[in-house]
Amino acid sequence: MNDVSVLFAGTGGATPSTHRGLAATLVADRRSGVLVDCGEGTARQLLRAGAADGLTAVLITHLHADHWLGLPGLLNLLGEQGRREDLELWGPPDLRRALRRFVAGCTKPPFRTVVSELTADQVIELPTWNVTALAVKHRGRAFGYALEERAGRRRVVFSGDTAPCEAVAAAARNCDLLVHEAMFLHEDARRARETAHSTAREAGLLASLAGVRLLALTHLSGRVRARDALAEARAVCPRTVVPRDLDRIRVPG
Ligand SMILES: [Zn+2]
Ligand SMILES: [Zn+2]
C-alpha cells in the first residue's frame, strides 16, 4: 500500500501569526511530493518537518502574496541541498510573469523550474495523481485543486481561498480529505462575503453536504481561535479537524 500523508506546513491566512505560518500543504507519498501553495517561510517549515526533499511539483492556487512569496526561498533551499531534477510549478495565468519579477534577484538554482499556467478544469498528470484545477470564487483568478489517485481511489481536495463554491462542493463529493479555508467565523460572515473567503461554518456545511470523510480547516485569520473554528464547523460537520502547523494527516487507502 502506498502511504499518503498530508503535511500542514503553514495554516495561517493573509498574515502569519505566532503559531501559524502562511499557506503551504504537502501531499506526500513514496513517488511524489506535491506542495499546494508556498507562502513566505515555507522553506523553513519543510526543513523543520524533514520534508524538503522529494518535492516533485508545486501547485499555486492564486497570486495573492500569502500563497506564493515563499517560492524564491524554497528554490534557493532546494538548490543548496543539491537538487538537480526539474521542478514543476503549476498555477494561474500570470504565474510566470510574477515569478520572473521576484526570482530575478535570486541566485539561479542548479535545476530547471518548469512553469505552466493552467486554465479552469484542466487536468494534469503528476506521478501519483491526476490533478484538476477548480475555478473557485475569490478575488482575481484563483484555483482549488482536486487530487485523484490514479492507481487507487483516494481523493484529496483543496479549496484554496474562496467563498463557498460549487466547483469545490462537486469535486469534494465523498472525497477522503477536504482541505478548506476558514478565514473567518460566522460572526464575521459579512466580511467573509466582502473579501470572498469562507467562514468555518460554511466550510463545515459544504463538507457535510458533500459527504467528505474528513474536513481539515486551514488559512485561519490570526484573529480566529482554532477551538472556535472547530466548534463552529463541528456543529454541522462532526468529521472536522483544525490542524496546527506541521501536523500530518495520513490518508487511509
Ligand atoms: Zn490567502
Ligand atoms: Zn487570496
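Mentor: Let's start with a term: donors are N, O and S atoms within 2.8 Å of the metal (3.2 Å for Na, K and Ca), and water is not among the atoms, so sites may look incomplete. What you see is a predicted model, where local features need pLDDT of at least 70, side-chain atom pairs count only at pLDDT 80 or more, and totals for chains, interfaces and linings use all residues. Residues are numbered from 1 along each chain as its sequence is written, chains are lettered from A and ligands numbered from 1 in the order in which they are written, and side-chain values use heavy atoms, without hydrogens and water.

Trainee: Okay, which residues are the protein donors of the zinc ion (ligand 2)?

Mentor: Follow the spacing along the chain, which reads H-x1-H-x73-H-x22-D. The donor atoms sit 2.2 to 2.4 Å from the zinc ion (ligand 2). The residues are His62, His64, His138 and Asp161.

Trainee: What do we call the arrangement of the four donor atoms around the zinc ion (ligand 2)?

Mentor: Four donors are tetrahedral if all angles lie between 85 and 135 degrees; four are square planar and six octahedral if opposite donors are over 155 degrees apart and all others between 65 and 115; anything else is irregular. Here the angles run from 90 to 168 degrees, so the arrangement is irregular.

Trainee: Is Asp161 buried or exposed?

Mentor: Buried means under 20% relative accessible area, exposed over 50%, and partly exposed in between (1.4 Å probe, protein chains only). His64, at 23%, counts as partly exposed. Asp161 has 2%, so it is buried.

Trainee: Now the sheet: which strands are at its edges?

Mentor: Strands (E, at least two residues) and helices (H or I, at least four) are DSSP runs numbered from the N terminus, and two strands pair if DSSP finds at least two bridges between them. This open sheet of seven strands has mixed pairing and the order E6-E5-E4-E3-E2-E1-E14. Each edge strand pairs on one side only, and they are E6 (113-117) and E14 (248-251).
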